[in-house]
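Here is a short briefing to read alongside the structure.

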Amino acid sequence: MTYLQKNKAVSLMCTVLLFGYYALNVLQLQQSGRLTSISVFSLWATLIVIAIISNIVGVIITYIVFNVISVVRTNEAESEFVDERDKFIDLKGTRNAYAVTGMGVFFAAISLILDQPPLVTFNVLVFAGFSAEIFGDLSRLYLYWKAG
Amino acid sequence: MSSSPITNNIRKLRFEHDEMTQQQLAEKVRVTRQTIVAIEKGNYAPSLELAFRIAWVFNTPLEEVFIYQPEDDTS
């Protein structure tokens with residue numbers, strides 16, 4: 001696995017963990033009857049902060065660990081150019097993520113048309129956002145695997 | 001990125017040029033070794049610029065590095 005593949009795998013794991021944490025908390029709030037806008041927004045704000053920090057830390061750790069191991073094993077420095085295939089795969093992953101986000105926005109709009117409370121719309125958008133991120137990373141990993 | 005109707009002689013040309021490794025070729029054309037592997041296997045179609053760079057490294061015309069086979073073109 002190249003550094004970018006490992007980076008995407010770490011990013012995917014972080015997103016899945018955060019989504020799991022969010023879903024679990026929302027479920028617990030609903031079961032305890034405390035599912036209000038304020039509690040969900042507060043949870044979401046906490047998640048944003050955790051997501052930013054964990055992604056930065058995850059990327060940095062992956063970068064450092066990978067480069068140290070790579071330099072020790074190959075005795076070569078990291079390449080300075082950006083590979084075109086990596087850019088191509090990244091763009092395809094981004095395109096797929098946008099497609100999922102678009103579908104999420106569509107379903108969120110439908111929830112409003114059906115007179116659902118704004119909390120439902122918000123949760124649909126959050127779910128779409130996480131799904132888009134996961135689908136984008138899965139797409140990239142699949143394309144890396146397929147291209148050999 | 002499925003197999004394309006374009007095949008290549010990169011592996012053969014590498015061996016003919018002092019048994020150049022994939023890594024060495026990758027460094028000369030400024031891509032990763034994995035990209036060279038994908039090109040040789042036919043799993044990735046390089047950009048025009050990259051194709052020309054590869055041909056230039058081998059001092060070989062582009063048509064001798066990459067071969068278009070219209071009978072395999074189903075698009």
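This is a predicted model: local features need pLDDT of at least 70, side-chain atom pairs count only at pLDDT 80 or more; totals for chains, interfaces and linings use all residues.

**Chain B as a whole**

- Taken along the principal axes, the box filled by the C-alpha atoms of chain B is roughly 35 × 20 × 20 Å.
- Of the 75 residues in chain B, 43% are buried.
- Counting contacts in chain B between residues at least 6 apart in sequence, 58% link residues that are at least 24 apart.

**The largest nonpolar core**

- In soluble globular proteins, nonpolar side chains tend to be buried together.
- Which residues touch the most other members of the largest nonpolar core? They are B:Ile10, B:Leu25, B:Val29, B:Ile54 and B:Phe58, in a core of 20 residues.
- Two or more residues of this core come from each of these helices of chain B: H1 (10-16), H2 (22-29), H3 (33-41) and H4 (48-58).
- H4(B) gives the largest share, with six residues.
- Leaving out residues up to four places away in sequence, B:Phe58 touches B:Ile10, B:Leu13, B:Arg14, B:His17, B:Met20 and B:Leu25.
- There is also a second, separate core of 11 residues, and among them are A:Tyr22, A:Val26, A:Val40 and A:Phe130.

**Helix H4 of chain B and what it packs against**

- The buried residues in H4(B) are B:Leu50, B:Ala51, B:Arg53, B:Ile54, B:Ala55, B:Val57 and B:Phe58.
- What do the buried residues of H4(B) pack against? Within chain B, their partners are H1, H2, H3, helix H5 (62-65) and strand E2 (66-68), and from chain A they meet helix H3 (84-113).
- After H4(B) comes B:Asn59, with a positive phi near 55 degrees.

**Two loop residues with positive phi**

- B:Asp18 is not a glycine, and yet its phi is positive, at about 55 degrees.
- You will find B:Asp18 in the loop between H1 and H2 of chain B.
- Is B:Asp18 buried or exposed? Its relative accessible area is 76%, so B:Asp18 is exposed.
- B:Asn59, likewise a residue other than glycine, has a positive phi near 55 degrees.
- The loop between H4 and H5 of chain B is where B:Asn59 sits.
- B:Asn59 is exposed because its relative accessible area is 71%, and the cut-off for exposed is over 50%.

- A:Leu18 belongs to helix H1 (residues 3-31) of chain A.
- With a relative accessible area of 8%, A:Leu18 is buried, since buried means under 20%.
- A:Leu18 touches A:Leu47, A:Ile50, A:Ala51, A:Ser54 and A:Phe130, with residues up to four places away in sequence not counted.
- The C-alpha atoms of A:Leu18 and A:Lys87 are separated by 26 Å, and the two residues are 69 residues apart along the chain.
- A:Ser139 is part of helix H4 (residues 118-146) of chain A.
- A:Ser139 is buried, and its relative accessible area is 8%.
- Apart from neighbours within four places in sequence, A:Ser139 is in contact with A:Gly93 and A:Asn96.
- A:Ser37 lies in helix H2 (residues 37-74) of chain A.
- How exposed is A:Ser37? A:Ser37 counts as partly exposed, at 35% relative accessibility.
- Although A:Ser37 and A:Val120 are 83 residues apart along the chain, their C-alpha atoms are separated by 9.6 Å.

Terms used
Residues are numbered from 1 along each chain as its sequence is written. Chains are lettered from A and ligands numbered from 1 in the order in which they are written. Side-chain values use heavy atoms; hydrogens and water are left out. Buried means under 20% relative accessible area, exposed over 50%, partly exposed in between (1.4 Å probe, protein chains only). Contact means heavy atoms within 4.5 Å. A nonpolar core is a set of buried Ala, Val, Leu, Ile, Met, Phe, Trp, Tyr and Cys residues joined through side-chain atoms within 4.5 Å. Helices (H or I, at least four residues) and strands (E, at least two) are DSSP runs, numbered from the N terminus.
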